[in-house]
Amino acid sequence: MCPKLFKFSLKLLNNIVRYVTIFLDFCSVEKILSPKKEDKMNNKTKKILCSALASILTLSSHAVFSANVGDVVGKVLSTDIVTYIDGIQVPSFNINGRTAIVVENLNAMGLSFGVNYDDSNRMLTIAGSDIYQTGGRGYFHFENSVSSLPVGTPVMDVLYTDIKTVFNTAVLESFNIGGFTCIYSDDLAKQCGTYVWDEAARTVNVYRDGVYVPSISKVNSYHVLDADDSVITKSQTFDRWGKAATSHLIPNSDGSFTAVEVSEHINIENYDSSFNHLSSFAIKKELPLFGGLYVGKDYNYIAFGQENLLEDNSREVIKIAIYDKSFVKISEVSINNCKTAVPFDASGGEMFEDERYLVLHTSRSQYADENGSRPQTQLTVIIDKTSWKPVNILSKFQYNHTSHALREFVRIDDGRLITANFSDAAPLRGAFLQELDFSGKVLYTQSIFNVGGPAGANCTGAMIGGFEVSPEGYLVSMNTIDHALATGYSNVNIEGIDRENRDIYLLWTDKNTWEQRHTCLARYTGVGSSGSVPYLVKLPDSKFMVLWQRFNDYSEDSNTLCYAIADSEGNQLGKTYSVSGRLSSSCKPVVSNGKVVWYVNSENGREFYSIDADVSAIMADSENLKNDSMDTDTSQENPKNEQTKPEKDKITEVDGI
């Protein structure tokens with residue numbers, strides 16, 4: 001029905017009601033003046049009124065409710081109200097003065113309501129379970145420009161739909177906006193749990209009964225020494241290589257924290273357990289380049305470096321300074337004659353120690369080759385702490401030669417030296433693990449995620465973000481595109497895809513059999529979002545947390561932080577959760593007093609975040625979900641595990657590219 005006819009019908013109905021009211025008033029006056037005519041008048045009046053009202057109802061019903069599918073019946077208005085469902089922020093709209101949400105978002109954004117569409121019956125059902133049924137339709141959101149409009153601005157049409165939306169057996173009032181089905185948030189809450197409106201905060205919260213809701217807290221601290229903005233952005237989601245982290249948070253045994261920020265100097269600030277600033281000081285860099293900070297058992301280690309473009313074998317290229325826990329320098333390890341022109345070049349290395357060895361696994365640009373180019377490769381330095389001297393070969397081609405070396409992690413596990421690596425060429429294109437002995441020889445190499453494209457093409461569509469060890473195996477977090485959609489890879493772009501929507505994976509490898517499991521924690525391909533390079537944090541009791549920022553296609557910034565919990569074999573516990581918050585592009589979250597903690601340097605100052613990682617509650621929620629689960633994708637942000645049993649990879653020595 002057209003808008004003009006709709007308005008005319010309402011006007012006609014209002015006029016008829018007004019005339020009937022006048023007529024009734026007249027009858028009341030007539031009753032007072034002529035009481036003897038009461039019965040006769042009332043009988044005639046009743047007949048007339050009944051006939052008139054029946055006609056009115058028939059006409060008005062036909063006029064108002066005979067709209068055709070797709071007819072405009074209203075407007076969606078911009079709103080400053082933010083809506084959360086089980087702690088996950090969802091797009092919300094003002095329709096008829098009430099807050100409305102899109103039904104399809106109840107699956108696609110990780111909420112797992114079990115939405116199913118039956119086209120034959122024109123019915124959209126909400127099961128309230130964790131069984132995902134609607135497929136990869138995506139979710140509805142406004143473009144970023146809409147959020148800046150004044151409250152109440154018309155932004156799109158509300159269309160009539162004949163689709164019935166049913167929660168269990170209750171039929172909910174629904175509309176069509178942008179091809180998606182919209183319902184009122186309070187109607188949803190009446191069927192599944194609790195509705196909370198906060199006038200001061202301008203927020204709507206819908207909580208399902210019995211569902212675990214994550215929480216996050218933020219504290220601002222404005223005392224910051226020379227810190228760069230470290231709020232993670234969407235463009236960093238697609239970085240082709242890593243870099244050394246310049247923001248670090250150290251939890252102390254007494255519950256306090258030490259923040260280490262690298263700029264012109266090494267700036268160190270101490271905070272109490274409530275993040276109140278206690279003291280600040282700075283130490284000078286030993287060499288101009290910063291290669292990483294490692295907090296060891298007894299000492300803190302910082303790797304410094306300097307360029308060696310004249311290719312002088314006697315020049316100190318790397319210095320590992322050794323400090324006590326108060327950052328008073330104790331000693332140092334000097335490294336030269338390692339065929340390195342620029343240390344720490346185009347990657348993000350790590351250090352790790354056990355009782356005997358300290359290992360630096362990083363990257364470099366080598367001495368120039370016969371063509372005058374400087375190949376970029378990995379550099380691994382194994383230091384015996386009894387002599388504080390390197391014990392492995394520091395040549396142009398180490399046994400674990402990798403080119404290009406785009407990201408490196410290292411651990412020592414039960415006497416085994418294990419590295420996690422990401423490369424665009426050799427020995428493998430993608431993510432792989434290696435086991436080394438302490439002379440640097442490779443004992444085993446295992447691919448854990450293959451990337452398409454030619455060797456040496458810097459654009460891989462993927463990046464690893466963390467590496468940890470469990471009693472059973474090795475875990476690596478990463479983001480990646482759907483490589484089945486890509487048709488070509490180069491140094492600057494990927495062909496065949498409109499946008500680099502990156503999914504979030506946790507890769508687990510059995511440390512004895514090298515059997516693998518790939519768990520997709522968030523699938524964003526096709527739903528207009530992308531996940532940042534994910535952090536991996538080791539929790540108590542061999543549990544792990546993966547954290548990332550979720551960006552939509554229209555915004556460089558995001559206030560949606562996602563995380564998931566996994567067990568020691570890489571199995572996800574519970575669902576993928578979203579909260580309002582921001583990660584740092586540099587500061588890896590740490591564990592302290594049962595919380596996962598990190599900080600972000602922003603225009604507001606230094607913001608400390610913490611998540612109360614109540615693993616027991618999440619596991620209880622997981623047990624509830626198992627009662628309703630199926631061998632199918634449970635949501636767009638929690639698809640099923642993908643398991644593989646790879647064969648061993650042969651190692652081929654390849655020149656640096």
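The model is predicted, so local features are reported at pLDDT of at least 70 and side-chain atom pairs only at pLDDT 80 or more, while totals for chains, interfaces and linings use all residues. Residues are numbered from 1 along each chain as its sequence is written, and side-chain values use heavy atoms, with hydrogens and water left out.

We can begin with the sheet. Strands of a sheet pair through backbone hydrogen bonds, either parallel or antiparallel. Here, four strands form an open sheet in the order β29-β30-β31-β32, with antiparallel pairing. Strands (E, at least two residues) and helices (H or I, at least four residues) are DSSP runs numbered from the N terminus, and two strands pair if DSSP finds at least two bridges between them. At the edges lie β29 (403-413) and β32 (442-450), each of which pairs on one side only. On average, neighbouring strands of this sheet are turned by 20 degrees against each other, direction ignored; the axes are lines fitted to C-alpha atoms (for helices over the stretch in contact), and angles run from 0 to 180 degrees between N-to-C directions. Seven bridges link β31 (residues 429-436) to β32 in the antiparallel sense, and Gly 430 stands opposite Asn 450 in β32.

Ser 403 and His 404 are joined by a cis bond with omega of about -15 degrees, and His 404 lies in strand β29. Another cis bond, with omega of about 5 degrees, joins Ala 426 and Pro 427; Pro 427 is found in the loop between β30 (416-426) and β31.

Asn 168 has a positive phi of about 55 degrees and lies in the loop between β9 (164-167) and β10 (170-172). With a relative accessibility of 52%, Asn 168 counts as exposed, given that buried means under 20% relative accessible area, exposed over 50% and partly exposed in between (1.4 Å probe, protein chains only). Asp 226 has a positive phi of about 45 degrees and sits in the loop between β15 (216-221) and α5 (234-237). Its relative accessible area of 47% makes Asp 226 partly exposed.

Finally, a search of the whole structure finds zero disulfides, a disulfide being a pair of cysteine sulfur atoms within 2.5 Å. Cys 459 is buried at a relative accessible area of 6%, and Cys 562 is buried at 0%.
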